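Reader: I would like to learn how to read a model like this one, feature by feature. Could we go through it together?

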There are 2 protein chains.
Amino acid sequence: MARENAGIREVAAAAGVSVTTVSHALSGRGQVSDETKRRVKAAADSLGYAPNRIARALRSQRSNLLGFVSEEIATTPYAGQILVGAQEAAAELGLMLMIVNVKRGTIDDPQIDALVAQQVDAMIYASSSHRVIRVPPKLDPARTVLVDAYDPAITSPAVVPDELGIGLLATRRLLEAGHRRIVHLTVDEDVPAVDGRERGYLEAMDEAGCPPVVVRVPGPATAGAGYTAIGRALETDGDLTGIFAFNDQMAMGVYQAVGPDRDLSIPRDLSVVGVDDLRLIADALRPGLSTVALPHAEMGRRAVELASRLPLAKPRRDQVLRLPGRLIERESIRQLGSLPIRDASGGGENPSAGATVTVS
Amino acid sequence: MARENAGIREVAAAAGVSVTTVSHALSGRGQVSDETKRRVKAAADSLGYAPNRIARALRSQRSNLLGFVSEEIATTPYAGQILVGAQEAAAELGLMLMIVNVKRGTIDDPQIDALVAQQVDAMIYASSSHRVIRVPPKLDPARTVLVDAYDPAITSPAVVPDELGIGLLATRRLLEAGHRRIVHLTVDEDVPAVDGRERGYLEAMDEAGCPPVVVRVPGPATAGAGYTAIGRALETDGDLTGIFAFNDQMAMGVYQAVGPDRDLSIPRDLSVVGVDDLRLIADALRPGLSTVALPHAEMGRRAVELASRLPLAKPRRDQVLRLPGRLIERESIRQLGSLPIRDASGGGENPSAGATVTVS
DNA sequence: CTGAAAGCGCTTACAG
DNA sequence: CTGAAAGCGCTTACAG
């Protein structure tokens, strides 16, 4: 894979100019006549010249490398998507990504040291799910961008999903389909995703004048948690018709609970919306699960763009970029239309009159 | 992130020797007295010296970089696991991975050119699922290792799962649990995974003297395909008790089919084993799905180890490393014990007497 | 066993 | 507008 091709000297010789002029002509940095520029470019093309990035990095003290530290890249499909977006943006900017995988909650890792030793221009630290973290102290906060994470202790910019907007989007979708008795199934974890989606739900229900019901079960937010939660929800309100699950896994638990155990079916009796757009789940469930896709690829993109400007950008405190989710429609939401199914009342009451069920 | 620390000159000054001696002492390449070596190392430590990898790469013409080209790293959790294994092995060998994501079936990609321009020492090309591919011509076959893929046209070493062994493992597990009427649900795709697992199934059934039944439905191997396949299987043999699904997604289709549509339950009436150990599915299904985990991380490891030796290794034609799968037990297999449930006959017949059902 | 010197392939003041 | 020269931080023949 070693490049045995022409170097800048060969190009210079072929074009009949000095290496300085080749460098200037190709980089556009110096003053070079158009004619010379043309000749140099022609020579470079015909020789298949590509600058040696290592030599360039050594001389210019810029590696054009971005470090990408990801927590548990393998355990969720999310990190992969962030990576793809980051990768694309990096390619467009002429940067390469150097990737390292660390355990969740890592403070110190020899791999991170290795990355620093590579003299990356900046670092991207991607969490495995939106939460508050402690950035490893090895990373220079002024040269680090956080993805799907937020560290209140430092001033690095962060790119995160707009969790509140996601809660609004999912809940409004159910409201627009005519549902009034909508429950939010969530977990008792103290992370921005849980908090933000719930606040979005409460806000949307408030707007619509519907009493909110939040069912909170012990985390993590798995199918099992969803199974437990929907059971509680149905005990609390046997007439509910809309379910906003914290994520697709919890939504899967709803599917598992309604079929065999009860005489309910989706979407006939219950409309369900999840979050994550985990294809493996959302596509495989019958009927397909409507869900809010998180902007992972876009987060990766934006993180790279921010990181590439980091050495130059002015430090801004609490610079956090919230990116919107996107509703992916499948078949789990029933349009109630003008005629209400079962008891679709509930308008006009104060949201504070709604229930919060906590299972522990 | 730029290292503003000591360079080799500072270490030399601190130790009272030349930079040559520092280089020799630290790399262990030249002849240096133990005493000098000790002094140099102490100086390096106290200054926190780390060699500049870029300078080293430029001078020694070895980048210590491995290119990792992955197809659609985001769409499956597999690629992530391969990456983690590769990452770990690379770290142990003092190598860094430079990662690029390409579309499935890519022949030409500017990202790959970029990787080549980085002067990586070798390349790893990881497919998104075990199949026959055409390696992009930009990659030097003598410096490329294939993962989860095989290109008959070139001589690059390849690291793949032992598909036949996986078929044997899954089928024998059902046989050992006392099942005799075991069906293999698969798809009509011409890839090594389909072919190998099926051959393993046939071999194991033959060993046990049980007639095999293969139900083949149109791909891809999704939950929907599994749903269709189990329907056909039950039409063909209403008394079957064991199901070896091509993968976890097809196994999920079996779960979806047995519950609501028929009076069958897992594992009471049907024992199911899948392949992939997709946590999102295998853990979430009720009962948990027993499945064969593919050796993804190990494949990544071995690929890096091979790649790191590639510039030195002798070219060996058709060097393919087959790594075994591992059975992950959950709750989807019932031990039939000594007393046969329903009709557990079927021994003694020739496998060729078995059926192959193809749905198109 | 130790060190002076060349050089990897570029970029970048600087001089003309 | 163009080019000679220095130098990024190492490694590596080579000489002593």
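Author: Let us start with what covers the buried residues of helix 1 of chain B: the cover includes helix 2 (19-27) and helix 3 (34-47) of chain B. Please keep in mind that this is a predicted model.

Reader: Which residues of helix 1 of chain B are buried?

Author: Helix 1 spans residues 8-15 of chain B, and Val11(B), Ala12(B) and Ala15(B) are buried there. These residues lie on the same side of helix 1 of chain B, because they cover an arc of only 100° around the axis.

Reader: And what follows helix 1 of chain B?

Author: Gly16(B) does, with a positive phi near 70°.

Reader: Now the two protein copies. How do I read the relation between chain A and chain B?

Author: The general idea is friendly enough: two copies of a chain are related by a rotation about an axis and a shift along it. Here, chain A is superposed on chain B by a rotation of 180° with 0.0 Å of shift along the axis, at an RMSD of 0.1 Å. That is the relation of a two-fold axis. Both copies use the same surface, as 100% of the contact residues of chain A recur in chain B.

Reader: How many residues of chain A are in contact with chain B?

Author: There are 52 residues of chain A in contact with 52 residues of chain B. Several elements of chain A each supply at least two residues to its side of the contact, including helix 4 (53-60), strand 2 (96-102), strand 3 (122-132) and helix 10 (248-261). Helix 5 of chain A gives the most, with 8 residues. By class, the side of chain A that touches chain B has 33 nonpolar, 13 polar and 6 charged residues.

Reader: Let us turn to the DNA. Which residues come nearest to DNA strand D?

Author: Of the 26 residues around DNA strand D, the nearest are Ser18(A), Gln31(A), Arg59(A), Ile8(B) and Ala55(B).

Methods. Residues are numbered from 1 along each chain as its sequence is written. Chains are lettered from A and ligands numbered from 1 in the order in which they are written. This is a predicted model: local features need pLDDT of at least 70, side-chain atom pairs count only at pLDDT 80 or more; totals for chains, interfaces and linings use all residues. Copies are superposed by least squares on the C-alpha atoms of residues with pLDDT of at least 70 in both. Two residues are in contact if their C-beta atoms, placed from the backbone, lie within 7 Å. Helices (H or I, at least four residues) and strands (E, at least two) are DSSP runs, numbered from the N terminus. Ala, Val, Leu, Ile, Met, Phe, Trp, Tyr, Cys and Pro count as nonpolar, Asp, Glu, Lys and Arg as charged, and the others, Gly among them, as polar. A residue is buried if 20 or more other C-beta atoms lie within 10 Å of its own, exposed if 12 or fewer, and partly exposed in between; C-beta atoms are placed from the backbone. The arc is that of the directions from the helix axis to the C-beta atoms. A residue is near a molecule or strand if its C-beta atom, placed from the backbone, lies within 6 Å of it.
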